[in-house]
Amino acid sequence: MSRNLDHEVSALLAENIPTLKTALDTLPLGVMITDREGRVIYYNQAQAAIDDLEPGLILGKVENDVLFGPDIMAICHRTGRPILGFIYPYQTIRGKEVNGAYWAYPLRRGGRVEAAICFTQPLATAEEEYKVQVQWPAATPVPGREKKVVGSGPAFKKALGLARQAAKGPSPVLLVGATGTGKELFARYIHQNSSRKHKPFMAVNCAAIPGALLEGLLFGTAKGSFTGAVDRAGLFEEANGGVLYLDEMDSMPLELQPKLLRVLQETTVRRLGSGEERHLDLKIISSIGINPQTAMADNRLRDDLYYRLSVLTINIPPLVERLEDLEELATYFMSKYNILLNKQVMRLDDGLLTLLRGYAWPGNVRELEHFLAGAINLVSDRESTLTRDHIPDHYRFILRRPSAHEPFRPGFGQPVPARPPAPPRPAWSVYGTAEADGRVEDLGRLPYRGPEPPPALSRWHKEYDQIMAALTAAGGHVTRAAIQLGISRQLLHYKMKKYGLDRRDFK
């Protein structure tokens, strides 16, 4: 809007204050205004109906004394910036829980913020939440509830696009991803975007339930099939018409897998001890935390069941492969824990963000969420920025803080700055004997004399190189290097001694 038009509109508004007051009084959205002390100085009838409170109980009171939830009005006062479409539930002084979307704006007088006005749109259903575009101050987007999965990087967008395609039909879907990548969120996303979204979504972790119990849980039981058995529907029947999500599919006992295969082939289920077959209209989504080929090779997953479950396969990338999404994920989790912990954290300090991007996140998005939850717990009520000072103690050995005497070193699994030359590879003077720093480790083989070992010793060279790489990436931290190698700390110490490696050489 041009300056002249802006001035003209401002003049019109100034001359029509009574009309504006009437508009606010009769607006179907809730409207509330608080002053610099947080006292409610305006409260319209729509807001009173939303809260089920009389205006007389609210006017003149401090907002936090009568409405319990994150204080976005106080954020407006402090920052002087609007908060647009923030979604959170709060409770009134009478115990009523209200879930809504809120748009708050600072009100200035003479350039100083003197009050804040908030517009409330009540949300009765989860579907309404999905339509709200959420923004924090300075128009920084906060993920809405539409997808319940957060990310915009290319790897993640590819997986999300496949999930949208998978939601269009009844074909089984297999989700492949490491722990903490959000496999169940993808399963729920497929359900929410399918024609079955108003039907049941049932989930079961196949690794958490013993095989004997899992069969009855899935198939149901018939009275008299065993001592104490009663007629009870299984998850197949309870999820009928909707979606059944089988998490950690490779942990399902092998003897149970052929029965699941029959359900998929025949689209019928028979309760334990019953001869009656019940027809199913069911979409099966399963997940696995390792490479499916490895699971089949290890005899943890039947080949024929895998081919039936993986009509559509979605590979969910680990967090280390989608670090461009880290800030967006962090903003989402800050919004979540602001609500749960009644905090007002607005942003991540650039230094902390750099540290987070340098860590490998073996626990993926789940680990990031738990890290941020711990950090937000350490934030005082007056702080709005997460910094390196809020890093939980148990993370300080991983997320190293730069100093004038020590250059920044990222977490293990990431590129590291140049270091002093590493110790040379041990001289192999005997077949099966490694010499390093004057120490000799006899491997019980015939002697071999020469500058290089024969091909039979190539695996020792490979192991040595792997240990070197892990120690380099971990900055000499033995525990982190052992985690990366997938071995115990004690075994790594033994191998380091065998090869004459000192962790101090990698700092």
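## Strand S4 and its partners

Pro89 has Asn99 as its bridge partner in S5. The model is a predicted one. That bridge belongs to an antiparallel pairing: S4 and strand S5 (residues 97-109) are joined over 7 bridges. The two strands form a hairpin with 4 residues between them. Within this hairpin, Gly95 adopts a positive phi near 90°.

S4 also pairs with strand S3 (residues 67-68), again in the antiparallel sense. Here the pairing runs over 2 bridges. Leu67 finds its bridge partner in S4 at Thr92.

## Burial of S4

Strand S4 covers residues 83-92. Of its 10 residues, 8 are buried, so the strand is largely enclosed by the rest of the structure. Buried here means under 20% relative accessible area.

## Helices H8 and H9

Two packed helices are described by the angle between their axes and the distance between the axes. Helix H8 spans residues 154-166, and helix H9 spans residues 183-192. Their axes come within 8 Å and cross at roughly 40°. H8 is therefore oblique to H9. The crossing of H8 past H9 is right-handed.

On the H8 side, the contact is made by Phe156, Ala159, Leu160, Ala163, Arg164 and Ala166. On the H9 side, Phe186, Tyr189 and Ile190 meet them. By residue class, the contact of H8 with H9 has 8 nonpolar residues, no polar ones and 1 charged. Arg164, in H8, is among the contact residues, and Arg counts as charged.

Methods. Residues numbered from 1 in each chain as written. Predicted model: local features only at pLDDT ≥ 70, side-chain atom pairs only at ≥ 80, totals over all residues. Heavy atoms only, no water. Axes fitted to C-alpha atoms, helices over the stretch in contact; angles between N-to-C directions. Parallel < 35°, antiparallel > 145°, perpendicular 65-115°, else oblique. Left-handed = near helix turned anticlockwise from the far one by under 90°. Contact = heavy atoms within 4.5 Å. Buried < 20%, exposed > 50% of the residue type's maximum accessible area, 1.4 Å probe, protein only. Pairing = 2+ DSSP bridges.
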